[in-house]
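Work through the exercises below with the coordinates open. Each task is followed by a stepwise solution.

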Amino acid sequence: MSNVSMEELEGYLAEIDLVYDEVKKIASGKDEANVNRLLEKRKKEQAEKERKEKEEHEKKLKGRKGKGIAEDYINFCKFCFREFQIPIEKCTNCDHDTITRDDRIAELKEKLENYKQEKEGKKKRKLKWDNWKKTQQMKARQGPTNYNKWAYFEPSSDSEEEAGDDEPIVPKDDPNFKAMEADIEQRAKRRAENKKKANDCREKGNNYFKQGKFKSAVKKYTEAIEFTRDMLTCYTNRALAYIRLGQFDDAIPDCEKVLEYCEVFEDGYEQSATLCFKAFSRRAMSRRGKKEFDKAIDDLKQALELHPNDIEAQKLLKLTEEDLQLHEESKKVLESLDCSDDSQFITTLLDTLKNSKDAVLSKKDRQRLMKCLEKKDLVIVFKEHGGFEALVALLKSDYQTLELIKVCVNDKKFLEHFNAVAGMKQLVAMVREYCNPASELNIKIEHMCLVGQILSLGSENDFVRKDLTANEDLVAIF
């Protein structure tokens with residue numbers, strides 16, 4: 001206080017008096033304009049604060065693009081790659097189920113571990129091939145020998161073998177070199193013969209495939225591979241034949257052999273892009289058959305990297321993403337309805353139908369099943385326990401089954417599943433038989449109307465329509 005002059009002290013006291021007077025006026029209501037101004041300012045500040053909070057919340061609802069490696073998010077969508085900083089069960093962008101950050105991190109760690117294992121496997125295969133080449137180079141100096149090919153392939157790019165196609169450059173009068181010359185020419189001749197035999201087998205396999213004789217096609221493709229192991233198209237063709245037979249576990253290794261070959265000997269998939277596209281697509285189809293939808297989606301994305309504009313692959317990717325969503329939904333439904341009366345009724349009924357060749361649906365069971373199938377959750381239970389296969393089997397002797405089928409296939413995913421278990425194929429066969437004047441098929445007109453309605457639904461679905469247009473019975477009818 002000793003440092004403050006009297007003039008400064010008087011100034012401070014004057015300011016305090018002014019502030020006191022203003023406060024007194026506001027308190028007494030005399031300075032109403034000033035009060036209103038302060039209130040309006042407060043309202044604007046509050047509105048601005050609320051606006052910013054709303055914008056921030058909407059931004060969090062939309063999520064942000066990311067791959068799930070950040071630390072400040074709660075949920076993640078692996079379909080459109082979005083991170084959400086607030087708890088969200090369904091993605092607001094694509095409507096798929098989200099997963100938690102812990103689940104995403106666990107998934108990434110698993111992928112990393114798989115990648116390490118795959119990389120290690122590639123190194124081992126490459127090392128194995130390099131060692132084989134070195135061994136053959138050493139043996140070549142010692143004279144002719146029999147070649148033990150690598151487990152999968154007989155590479156056509158082997159320079160030592162290709163040398164046999166040209167005129168051997170050897171001293172003509174040396175008996176040892178004459179023997180080598182004869183051996184080289186003999187191997188070149190045998191190789192040409194094997195290639196011709198392999199081509200013949202492949203063509204026969206293709207013809208069998210076109211005729212729908214998939215087992216015979218597999219046999220011929222296998223013979224072609226035995227003659228010439230580097231005819232890679234035979235692997236993808238045989239894989240497709242296996243898929244048609246439902247032998248998905250056999251199809252996958254054939255696709256992998258093609259991909260491994262291109263990865264090791266062609267340094268990637270670009271050089272044989274079309275072949276690798278088929279290998280990825282057919283492995284995806286096999287994995288779909290095994291309900292490994294995550295892996296199938298990865299394969300289809302790799303296939304589309306090679307042929308980005310392929311419409312069929314784009315459609316199959318979309319279908320597989322939908323199947324994954326339905327599969328995850330099915331697991332939740334099965335867990336929640338496991339002990340319900342309707343769920344137990346369905347599983348017991350289907351077990352009875354499966355275990356008896358002559359089993360039929362009673363009127364009471366049919367009526368109850370019809371009511372159950374009007375609920376999507378119970379249709380899922382029905383599907384997961386082989387219900388569609390049971391309906392197709394019943395259809396051969398009980399045309400009232402058509403009423404149950406019609407209820408189920410109103411949902412496009414269930415329609416596609418009915419088609420996948422040869423349901424549509426059987427309906428088309430019924431139509432052809434009905435149109436045959438000499439047919440003894442005893443079916444009511446109302447049942448044929450139901451067949452027409454179900455086929456009409458199929459014609460509106462891209463994937464079902466594709467199979468219908470390729471159906472020989474349907475072509476014969478029209």
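**Exercise 1. A charge and a ring**

Task: Find where Arg 368 lies relative to the ring of Phe 345.

Solution: The model is predicted. Arg 368 sits over the face of Phe 345. Its distance from the ring centre is 4.3 Å. The cut-off for this contact is 6 Å from the ring centre.

**Exercise 2. Classify two ring pairs**

Task: State how many aromatic pairs there are. Then classify Tyr 261 with Phe 265, and Tyr 269 with Phe 280.

Solution: 

Step 1. Ring centres must lie within 6.5 Å. By this rule there are seven aromatic pairs.

Step 2. For Tyr 261 and Phe 265, the centres are 4.7 Å apart and the planes meet at 55°, so this pair is tilted.

Step 3. Tyr 261 has a relative accessible area of 7% and is buried. Phe 265, at 22%, is partly exposed.

Step 4. Turn to Tyr 269 and Phe 280. Their centres are 5.1 Å apart, with 90° between the planes. This pair is edge-to-face.

Step 5. Tyr 269 is in the loop between H8 and helix H9 (273-289), while Phe 280 is in helix H9, so the pair ties together parts 11 residues apart in sequence. Phe 280 is buried, at 1% relative accessible area.

Step 6. Ring pairs link Tyr 73, Phe 76 and Phe 81 into one.

**Exercise 3. A salt bridge between a helix and a loop**

Task: Which parts of the chain does the Glu 107 and Lys 78 pair tie together?

Solution: 

Step 1. The whole structure holds 30 salt bridges. In the one between Glu 107 and Lys 78, the closest N and O atoms are 3.4 Å apart.

Step 2. Glu 107 is in helix H3 (residues 101-140) and Lys 78 is in the loop between strand E2 (75-77) and strand E3 (82-84), so the bridge ties together parts 29 residues apart in sequence.

Step 3. Glu 107 and Lys 78 are both buried.

**Exercise 4. Trace a network**

Task: Start at Lys 413 and follow its salt bridges to Asp 323 and Glu 416.

Solution: 

Step 1. Lys 413 meets Asp 323 at 2.7 Å, N to O. Lys 413 is in helix H17 (residues 412-420) and Asp 323 in helix H11 (residues 311-336), 90 residues apart. Both are buried.

Step 2. Lys 413 also meets Glu 416, at 2.9 Å, N to O. These two are three residues apart in helix H17, about one helical turn. Glu 416 is buried too.

Step 3. Write out the network. Salt bridges link Arg 288, Glu 322, Asp 323, Lys 412, Lys 413 and Glu 416.

Technical notes
Residues are numbered from 1 along each chain as its sequence is written. This is a predicted model: local features need pLDDT of at least 70, side-chain atom pairs count only at pLDDT 80 or more; totals for chains, interfaces and linings use all residues. Side-chain values use heavy atoms; hydrogens and water are left out. Rings of Phe, Tyr and Trp (its six-membered ring) pair if their centres lie within 6.5 Å; planes under 30 degrees apart count as stacked, over 60 as edge-to-face and the rest as tilted. Buried means under 20% relative accessible area, exposed over 50%, partly exposed in between (1.4 Å probe, protein chains only). Helices (H or I, at least four residues) and strands (E, at least two) are DSSP runs, numbered from the N terminus. A charge sits over a ring if NZ of Lys or CZ of Arg is within 6 Å of the ring centre and within 35 degrees of the ring normal. A salt bridge is a side-chain nitrogen of Lys or Arg within 4 Å of a carboxyl oxygen of Asp or Glu.
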